[in-house]
Amino acid sequence: MKPRILVAEDEAPIRDGIVAAFTDAGYEVVAASSGREAIDRLQEQTFDLVISDYRMPEKDGLEVLNHARGQNEDAVVIVMTAYGTVEHAVEVMRAGAYDYLQKPFKVEDLEFKVAKALEHVRLRDQVRYLEDRIGVEVDHGMVGSSRLMKEIWETVRKVAPSNAAVLIQGETGTGKELVAQAIHNNSDRRKAAFVKMNCAALPEGLLESELFGHEKGSFTGADRRHTGRFELASGGTLFLDEISNMSPGIQAKILRAIQEQEFERVGGTQTVHVDVRLVAATNGDLDAAIQRGTFREDLYYRLNVVNIVMPTLRARKEDIEPLATHFIAIYARELKKDVKGLSPEALRVLYRYNWPGNVRELQNTMERAVLMAESQQIRAEDISTLGRQSAIAGKDAMPVHLPPQGMDLEEIEKMVLLEALTMSNWVQKEAAALLNISSRAMNYKVKKFSITHPTWKKNRAPEEDAGGAHGPIYDGLATRITNR
Ligand SMILES: Nc1ncnc2c1ncn2[C@@H]1O[C@H](COP(=O)(O)OP(=O)(O)OP(=O)(O)O)[C@@H](O)[C@H]1O
Ligand SMILES: [Mg+2]
């Protein structure tokens, strides 16, 4: 749409010149030859911008300005004042004019000021739009009304406005990052940056310079100064993700940065002061890391002023349907397919599954299902690969993560077997189907790893029971698979 401009000027040659120039430049221009007429036009329609002469018969430019701003506080008005009447310029600026221009002027000067003013309006509207949208996302972007999720929202709402550090723990895909963002969006810091750093993604040296920045020449390849995330997040929130495996050196530096709110850039001597709120997350077991001595206890207490533990999806199955519907709507729009919901059988499949990859796995599953769907409803067939594909659907959805020191393949096999068995309620045949092996192969492996379960007792020959000496190791192991 063309920007609409009102031009109020009693001297016809000047008025016509302005109207012609702006009409040529692609604006929609309405002219008024007096202040009175300008006010009449303002009452009839809205304008993106008003250009008004100061000295006019009947009503002067100040009155036009006051009228425009009285109608709409955001009205952008540029006033033309006579040469040597500085007091008029001061007066109109005080009254809320966006700018003024002294006569005589070149029409290009006016065009420049108008372009600048309209850009200002555009940016202002955009900021408002984004602020509104952030507000909307806080309320509606996260789906789930189970008791467990309500408790999470309650905590988020309570702790967001403070500056307290928050530690978010939970399995992969449970929504830790979304909660971190929600905390930021609900805090007074929402207008400043939400800066994220994945602490597991980089080796120590790079991580340090990403977090704290570096000075030019501090190491080979550092050809200019680099601003670190702590500095970028100043005034806002720094989200440290996957913190459980950070090196001792980095832990010490982060601890100081949190305690003192200051640090030095790599290769620098100048102390940088910041004002940063910390939110950290991990799907690792920090207690165990503290026990092992690989995670500093003092840092843990600094980060863990408020603790949020994200519930797994299997612990809040009532959220499955609303989440699935939410994702179907998103992917139907994205993939331009007319898919609206789930068949009752498909929903049953979703309920039966135990979601080791939590909400992210459900999201991926719904994306594939919408892609596969041939009718308005997703059928059980569309999600028949559930659980199998997630293991190969990429790193994020991979239920087994290798620890850095590596792992025995047999141990992994055993964990996967246990996971499959817990998922299928210890029905071997179903577990075998999950792993795409025969029941006989499953039976063989169960014996090989001496896996047992109380519910198997009654179906078993006495001699087989002798192998069942491992007691309740399975539950812990099976859940730990997804926690790595
Ligand atoms: N309550 C929710 N409503 C809507 N979408 C959600 C919800 N929870 C999680 N998601 C979506 O699931 C995906 C995973 O969420 P998120 O990245 O926050 O998980 P995470 O706990 O940080 O996982 P990881 O430990 O693997 O980093 C994201 O795409 C996110 O948008
Ligand atoms: Mg995450």
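## Helices H13 and H15

In this predicted model, helices H13 and H15 are oblique to each other. The reason lies in the crossing angle: the axes of H13 (residues 320-334) and H15 (residues 358-372) cross at roughly 45 degrees, whereas a pair counts as roughly parallel only at angles under 35 degrees and as roughly perpendicular from 65 to 115 degrees. The two axes come within 9 Å, and the crossing of H13 and H15 is right-handed.

Which residues make this contact? From H13 come Ile320, Leu323, Ala324, Phe327, Ile328, Tyr331 and Ala332. From H15 come Val359, Leu362, Gln363, Met366, Glu367 and Val370. Sorted by class, the residues of the contact of H13 with H15 comprise 11 nonpolar, 1 polar and 1 charged.

## The surroundings of ligand 1

Helix H15 also takes part in the shell around ligand 1. This shell has 16 residues, and the closest are Thr172, Gly175, Lys176, Glu177 and Val359. The elements that supply two or more residues to the shell are helix H7 (176-185) and H15.

How do the residues of the shell around ligand 1 divide by class? There are 5 nonpolar, 8 polar and 3 charged residues. The shell draws on two domains, with at least three residues from each of domain 2 (157-309) and domain 3 (315-392).

## Helices H6 and H7

The axes of helix H6 (residues 147-159) and H7 come within 8 Å and cross at roughly 35 degrees. The crossing of H6 and H7 is right-handed.

On the H6 side, the contact involves Ile152, Val156 and Val159. These residues meet Val179, Ala182 and Ile183 in H7. The contact of H6 with H7 has 6 nonpolar residues, with no polar and no charged ones.

## Helices H8 and H10

Are H8 and H10 roughly parallel or roughly antiparallel to each other? Their axes cross at roughly 15 degrees, and angles under 35 degrees count as roughly parallel; H8 and H10 are therefore roughly parallel to each other. The axes of H8 (residues 204-212) and H10 (residues 248-260) come within 10 Å, and H8 passes H10 in a right-handed crossing.

H8 contributes Glu204, Leu207, Glu208 and Phe212 to the contact, while H10 contributes Gly249, Ile250 and Lys253. By class, the contact of H8 with H10 has 3 nonpolar, 1 polar and 3 charged residues.

## Backbone details in two loops

In the loop between strand S5 (99-102) and helix H5 (107-140) lies proline 104. A cis peptide bond joins lysine 103 to proline 104, with omega at about -5 degrees.

The other feature concerns glutamate 58, which is found in the loop between strand S3 (49-53) and helix H3 (61-71). Phi of glutamate 58 is near 60 degrees, which is a positive value in a residue other than glycine.

Conventions. Residues numbered from 1 in each chain as written. Chains lettered and ligands numbered in written order. Predicted model: local features only at pLDDT ≥ 70, side-chain atom pairs only at ≥ 80, totals over all residues. Axes fitted to C-alpha atoms, helices over the stretch in contact; angles between N-to-C directions. Helix = DSSP H or I, 4+ residues; strand = E, 2+ residues; numbered from the N terminus. Parallel < 35°, antiparallel > 145°, perpendicular 65-115°, else oblique. Left-handed = near helix turned anticlockwise from the far one by under 90°. Contact = placed C-beta atoms within 7 Å. Nonpolar A, V, L, I, M, F, W, Y, C, P; charged D, E, K, R; others polar. Near = placed C-beta within 6 Å. Domains from an automatic or database assignment.
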